[in-house]
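Here is a colleague's note to read beside the model. Take the points in order and find each residue as you go.

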Amino acid sequence: MAGPSFPSLSSNLPFRYRCILHPISATHFSSAASTTTMLTGHSSLEVVGGGRDLFLPAFTSLHLPYSPFPVIAHNPHVETIFASFFRSTPHVRYKRECLRTKDDGSVALDWASGDHGSLPADSPLVILLPGLTGGSEDSYVRHMLVRARSKGWRVVVFNSRGCGNSPVTTPQVNPIVHLPSGDMREVVAHVATRYPNANLYAVGWSLGANILVNYLGQDSQTCPLIGAVSLCNPFNLVVADEDFCKGFNIIYDKALTNGLCKIFKRHALLFEDMGGEFNIPLAANAKSVREFDNALTRVSFGFKSVDDYYADSSSSNSIKYVQKPLLCIQAANDPIAPDRGIPREDIMRNPNCMLIVTPKGGHLGWIAAEAPLGAPWTDLVVMDFLEHLERGACKHPMSGCNAERMQQPTGGVHHVGA
C-alpha cells in the first residue's frame with residue numbers, strides 16, 4: 001500500500017529536514033510515538049500481560065522513564081540494604097485484633113487506629129501482607145498504608161503466625177508459603193464480615209505476595225477480593241532457593257534465618273514433645289532458611305523433602321488460575337526474587353493479569369530519585385491500579401461485587417483479643 005507522497009525536494013533530504021519542511025508530519029510522528037508509549041508503557045519498563053491493554057489506562061506515570069536514585073541503584077544489594085536500613089518509617093498507630101484460625105493457630109490484624117469511626121462503612125479496604133518475618137512495623141508497609149489512608153481507604157495489616165509479634169499457638173513457625181493461603185482465606189472472610197459494604201483488595205510483598213497469589217489461584221471461583229497487587233514475588237521458590245544460597249545472598253539468608261530462630265525460641269515449649277522426622281535442635285540453631293524448613297516446616301505439612309515443599313508452595317503454579325485483576329511488579333535485578341522465576345507465559349495468557357518489570361529496584365527497594373528516603377517508586381503505581389478498579393473504570397467481567405462477597409462463608413475465625 002503506497003504511503004503519502006512528498007515533494008521531490010524533501011524526498012531527497014534526511015528525515016530531520018523533511019520534518020522542518022513538513023511540520024504536520026513531525027507532529028504526526030511525535031503524536032504517534034507518544035500514543036504508543038501511553039499504550040505500552042515507557043521503553044525503560046517491561047509492561048506485559050493478558051490484561052495489559054485493559055489496565056494501562058489506570059496509570060498516570062508508566063509513560064515516564066523509570067528513574068531510580070543514582071549510585072544507590074547501581075547495585076541491587078546496595079539498594080536492598082539501603083531501603084531496609086535508611087528508608088523513613090512513618091508514624092502509624094495501630095489497633096490490634098488477634099484471630100484464632102480453624103486449626104487453633106493465631107494471626108494478628110493491625111488496623112490503622114481511628115479509621116473505624118472516621119471512615120464511611122463502605123470505604124474501600126485493602127489488606128497488606130508483609131514478607132517473611134515482616135510485619136506492620138516495616139517501613140514499606142507503613143508507606144503504603146499512609147498513601148492508601150490519604151486516599152480515604154481503610155487499611156489492615158495481616159501479620160502471619162509469629163510475625164509482627166503475633167502469638168504462636170500451634171507448632172508451626174514458618175508456614176509462610178503453604179498454610180497461610182488458608183489463613184488468608186479466613187482473614188478475608190472475617191474482614192468481609194466486619195465491613196460487608198466495602199470493596200476488598202489486597203497487596204502483598206515478597207513471600208506475602210506468594211501467599212496472596214496462591215490464594216487468588218486456589219480460591220479463584222470464590223475469592224471475594226475485587227483486585228490485588230503482588231510485589232517482589234519470588235513466584236518459583238525452587239529457583240529462588242537456588243539463588244538464595246549463593247554469593248552475597250547468603251547475608252539475606254542468615255538474616256531471615258535469625259528472625260525465624262528468634263520466633264521459634266520464643267515459643268519453644270510448643271515444640272518440646274514433637275518427635276518423628278522433626279529435628280527440633282536443628283531448627284533452633286538453623287544456619288539457613290532451607291535448613292530450618294527441612295528440620296521443621298516441611299515436616300509440619302507432610303512433605304518428603306524441602307524441594308517438594310517449595311515446589312508445591314510456588315505461586316507460579318497458581319497464576320494461570322487467577323480470575324481477579326492482578327498487577328505484578330518485579331525488579332529485573334532483584335537478588336531474592338529472580339527474574340527467571342517470573343511466570344511470564346502464564347501472565348501473558350491470563351486476561352486478568354499484568355506484569356511490570358523495572359530495570360532496577362533490588363528487593364523491596366525501588367528507591368525513587370526524587371525522594372530516596374521516602375516511599376518506594378511502586379506506591380503510586382499500586383494506588384493508581386487500586387483506585388482504577390475501585391472507580392469501576394475497568395468494567396472487568398470477573399471483578400465481583402458486594403452481593404457475591406456477602407454470600408461467602410466466614411468459617412472458623414474467632415477473636416482471641418483486640
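**Notes on the fold**

1. Start with the surface. The chain exposes about 17900 Å², and carbon and sulfur atoms supply 57% of that area. Accessible areas come from the Shrake-Rupley method with a 1.4 Å probe; for residues, only the protein chains shown count as cover.

2. Know what you are looking at. This is a predicted model, in which local features need pLDDT of at least 70 and side-chain atom pairs count only at pLDDT 80 or more, while totals for chains, interfaces and linings use all residues. Residues are numbered from 1 along each chain as its sequence is written, and side-chain values use heavy atoms, leaving out hydrogens and water.

3. Now the overall make-up. The chain has 17 helices and 10 strands. Helices (H or I, at least four residues) and strands (E, at least two) are DSSP runs, numbered from the N terminus. Of the 418 residues, 55% are buried. Buried means under 20% relative accessible area, exposed over 50%, and partly exposed in between (1.4 Å probe, protein chains only). Contact means heavy atoms within 4.5 Å. Among contacts between residues at least 6 apart in sequence, 77% join residues at least 24 apart.

4. Next, the nonpolar cores. A nonpolar core is a set of buried Ala, Val, Leu, Ile, Met, Phe, Trp, Tyr and Cys residues joined through side-chain atoms within 4.5 Å. The largest one has 42 residues, and Phe59, Leu128 and Leu386 have the most contacts inside it. Elements that each supply at least two residues of this core include β4 (125-129), β7 (227-231), β9 (353-358) and α16 (378-391). The largest share, 6 residues, comes from α16. A second, separate core of 37 residues includes Phe158, Met184, Val322 and Leu355. As a general rule, nonpolar side chains tend to be buried together in soluble globular proteins.

5. Look at phenylalanine 59 and leucine 389. Leaving aside residues up to four places away in sequence, phenylalanine 59 touches Leu327, Met354, Val381, Asp384 and Phe385. Leucine 389 is in helix α16. Leucine 389 is buried, at 8% relative accessibility. Leucine 389 and alanine 58 are 331 residues apart in sequence, yet 8.3 Å apart in space, C-alpha to C-alpha.

6. What does cysteine 328 touch, not counting residues up to four places away in sequence? The list is Ser230, Phe235, Ile319, Ile347, Met354, Leu355 and Ile356. Cysteine 328 lies in strand β8. Its relative accessible area is 0%, so cysteine 328 is buried. Cysteine 328 and asparagine 233 are 95 residues apart in sequence and 8.0 Å apart in space, C-alpha to C-alpha.

7. Is lysine 324 buried or exposed? Lysine 324 is buried, with a relative accessible area of 5%. This lysine 324 lies in the loop between α14 and β8. From lysine 324 to isoleucine 226 is 6.5 Å in space, C-alpha to C-alpha, and 98 residues in sequence.

8. Turn to helix α14. In α14 (residues 306-313), Val306, Tyr309, Tyr310 and Ser313 are buried. They cover an arc of only 95 degrees around the axis, so they lie on the same side of α14. The arc is that of the directions from the helix axis to the C-beta atoms. Cover for these buried residues includes α9 (207-218), α10 (237-244) and α13 (289-300).

9. Check the aromatic rings. Rings of Phe, Tyr and Trp (its six-membered ring) pair if their centres lie within 6.5 Å; planes under 30 degrees apart count as stacked, over 60 as edge-to-face and the rest as tilted. The count comes to 12 aromatic pairs. Tryptophan 153 and tyrosine 201 form a tilted pair, 4.9 Å centre to centre with 50 degrees between the planes. Tryptophan 153 lies in the loop between α7 (139-150) and β5 (154-159) and tyrosine 201 in strand β6, so the pair ties together parts that are 48 residues apart in sequence. Phe301, Phe303, Tyr309 and Tyr310 form one aromatic cluster.

10. Finish with backbone angles. Most residues other than glycine have a negative phi. Valine 71 has a positive phi of about 70 degrees. Valine 71 is exposed, at 73% relative accessibility. Serine 206 also has a positive phi, near 55 degrees. Serine 206 is buried, with a relative accessible area of 9%.
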